[in-house]
Structures are given as structure tokens and as C-alpha cells.
Amino acid sequence: MEGQIPQLKPEMLSATSVPTAVSYFYAREQAQAWHSHATVQLTWCSRGAITIHTAQASWTLPPWRGLWIPSGLPHQTHAQAGTQTHNLYLSETGEKKCIAAVCPLRVTPLVHQLVNELSAQHPARNALILPLLCNELSQAPAATVGCLPVVTEPRLLALTGMLTTHPANHQTLATLSLRAGTTSRTIARLFRQHTGLTFAQWRQQLTIMTSINQLSQGVSVEEIAQQQGYCNGSALIAMFSKVLGMTPQRYFALRS
């Protein structure tokens, strides 16, 4: 799903605060505790895949897709094994926030390199880097990523819980609705009302997110297709391309 890129400008940041860049490597699958920051955060990975959970939605990011996280927003990061993440923290100034909502963007090689060049030991150099970095970020292309809106309606929660716990569940909407104690017509209406998606669209997003995580671990398209109930890998590739605009191979190879 695409989000609107914030218009980040140097004057929206504190001139006295040092931008912080931190990288982490996850040797095994790991989930951080829920937390928030007093700063704006941009997070992405150069290897592997991460899922970031908020109270509103969950976002799954392959390499070179970043997520802007507003200051003060509680979130949780779930990283796959062998994932290298990168995080940029920027202090805000004044009453206007740099960004007001979570949004995904493409991380270009230049942005990645500029963030790597930031250092607390070189404030004068940072002062030269930051305006260029902000300019690049303000013009960053939007990223299309896997995104699942969080549901709280009890019947939807029961049904989506069956699928998120077992993504390979191939049961029909009618069967799942019956197990959730309601009808498929009611569930279809609730999905549109509470998520803005149809049930089929929500299920596709779950498949996309599961596929991104598995592809980052080296699982083949054919194996993923079999697990997800597709007749073959070509059918999964067709769905992936329809939703994200490119094949899985191109999607993971993109870095510009």
C-alpha cells in the first residue's frame, strides 16, 4: 500500500540536536518490545525483511523500503533472521511535526549513504549533510508495501486471528464466517466498514506480507504458492504483480 511522503525540510528540525543513525543485525527472528521515540524515525533494512506493528496497521518491508514513524507513536518491530536494519532519528522543533502519520517510502542509495555518514563526533559535517538528506527525503518516491489494517471488531478479530495465526488456512469466507459465529455477508460488510478493504483484498495483503517474509529467507515462490493454496508459482506471481506492481524477483531486486 502506498502512503503520502512527508515534506521534510531542514527548518522543521532542531538545529541544536544531533541526528542519530543506528544499525542492528538480527541473527535470528526477533521482536522488539512495544516502544516509542521522542524523535521522528525512519527505519529500513538492507537485507532480510521487517514488519512494523502500530495500533492502526502492520507494515512488512523488504530491503530498501523504509517507514516513517512519527514521534511518540508506539510501535513494535519484528525482524526476520539475517536482517540488517538501519534507523535514522531526527529531532523536531516548534509545534508542527515533521510527519503526522506513518508512511512508506523508497530508500535510495544516496539517502542510505548520507545516513551512514552522520556522526555525533562531527557536528559541523552533519550540518552540511542534513540539508541534502532532508531534501532527498522530501522527494523520495512512495513505496508500495504489504500493509494490514488492525481490526478490533470482535467478529472480524476472531476471523482474522484464524488467518494471521495460520496464514496457509485455505478455508472459504463462508466457512471462516461460520467459525466466527456469523455470516459471510456480515463479515464482508464489516471488512469494508472497518478496514476499507474487501475480504479478498485483506487476504491478499496477508499473503503478500507472508510472502515477503518467506522470500527474504530464501523460500522459493513455488513452495510459498503451495503453502498459500495457489495452484502454482505463476498464479502467486500474478497476484503479487497485480497488488505490488512487479514480480517478486523485481520487487526484491529494486534499489533505486
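Two strands count as paired if DSSP finds at least two bridges between them, and strands (E, at least two residues) and helices (H or I, at least four) are DSSP runs numbered from the N terminus. The model is predicted, with local features needing pLDDT of at least 70, side-chain atom pairs counting only at pLDDT 80 or more, and totals for chains, interfaces and linings using all residues. Residues are numbered from 1 along each chain as its sequence is written, and side-chain values use heavy atoms, with hydrogens and water left out.

View 1. The strands pair antiparallel in the order 1-8-3-6-9. Strand 1 (20–26) and strand 9 (103–106) each have a single partner strand, so one side of each edge strand is left without a neighbour in the sheet.

**View 2. Strand 3 beside strand 6.** Strand 3 (residues 40–47) and strand 6 (residues 65–69) run antiparallel and are joined by three bridges, and Gln41 stands opposite Ile69 of strand 6.

**View 3. An aromatic pair, Phe240 and Tyr251.** Rings of Phe, Tyr and Trp (its six-membered ring) pair if their centres lie within 6.5 Å, and planes under 30 degrees apart count as stacked, over 60 as edge-to-face and the rest as tilted. By this rule there are four aromatic pairs. The ring centres of Phe240 and Tyr251 are 5.5 Å apart and their planes stand at 75 degrees, so this pair is edge-to-face. Phe240 belongs to helix 8 (residues 233–244) and Tyr251 to helix 9 (residues 248–253), so the pair ties together parts that are eleven residues apart in sequence.

**View 4. An aromatic cluster.** Phe191, Phe199 and Trp202 together form one aromatic cluster.
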